[in-house]
Amino acid sequence: MAEEQLPGKDDVSIADLLVRLVDETDDFVRAELGLFRAQALRRLTRSRGALAMALIGIVIVQASVIALLVGLIFALAPHVGPLAATLIVLAVALGIAGMLIATAWRQIREAFLPEEPDA
């Protein structure tokens, strides 16, 4: 049985078609990456003001925590002395920070462990 050729179609080898497919796939992937990059930059540009406000808010929260710790030292100083008050506040603050860091580290490690397949 002879193969029928479609009218208007040139004789194109499979190798030529595969080369063209690879070239067009490469162009498509590059275009998609360019689009993704443009969208990310646009979103970052549009949210620049919000990011600045968030950063200022974080700095204010940090300053407030420092003020709270200094206030606790002043409140404890008449009862136990300034050095002891400083050491007490320091120990409690470092203990809270240590617990937060240990919990965060454990959660990060668990997030990167290989997932077990469902049985």
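This is a predicted model: local features need pLDDT of at least 70, side-chain atom pairs count only at pLDDT 80 or more; totals for chains, interfaces and linings use all residues.
Visitor: What should helix α2 span, at 1.5 Å a residue?
Guide: Helix α2 has 33 residues (48–80), so it should span 48 Å, and its end C-alpha atoms are 48 Å apart, which agrees. The expected span is 1.5 Å times one less than the number of residues.

Visitor: OK, at what angle do α2 and α3 pack?
Guide: About 135 degrees, with the axes of α2 and α3 (residues 82–112) 7 Å apart. Axes are lines fitted to C-alpha atoms, for helices over the stretch in contact, and angles run from 0 to 180 degrees between N-to-C directions. That makes α2 oblique to α3; under 35 degrees counts as roughly parallel, over 145 as roughly antiparallel, 65 to 115 as roughly perpendicular and the rest as oblique.

Visitor: And which residues make the contact?
Guide: On α2, L69, L72, I73, L76, A77 and V80; on α3, P82, A84, A85, T86, I88, V89 and A93. Contact means heavy atoms within 4.5 Å.

Visitor: How many of those are nonpolar, polar or charged?
Guide: Twelve nonpolar, one polar and no charged residues. Ala, Val, Leu, Ile, Met, Phe, Trp, Tyr, Cys and Pro count as nonpolar, Asp, Glu, Lys and Arg as charged, and the others, Gly among them, as polar.

Visitor: How much relative accessible area does A93 have?
Guide: 27%, so A93 is partly exposed. Buried is under 20%, exposed over 50% and partly exposed in between, with a 1.4 Å probe and protein chains only.

Visitor: Switching to α1: is R37 buried or exposed?
Guide: R37, found in helix α1, is exposed at 58% relative accessible area. R37 and P78 are 41 residues apart in sequence and 59 Å apart in space, C-alpha to C-alpha.

Visitor: What about R42?
Guide: R42 is partly exposed, at 40%.

Methods: Residues are numbered from 1 along each chain as its sequence is written. Side-chain values use heavy atoms; hydrogens and water are left out. Helices (H or I, at least four residues) and strands (E, at least two) are DSSP runs, numbered from the N terminus.
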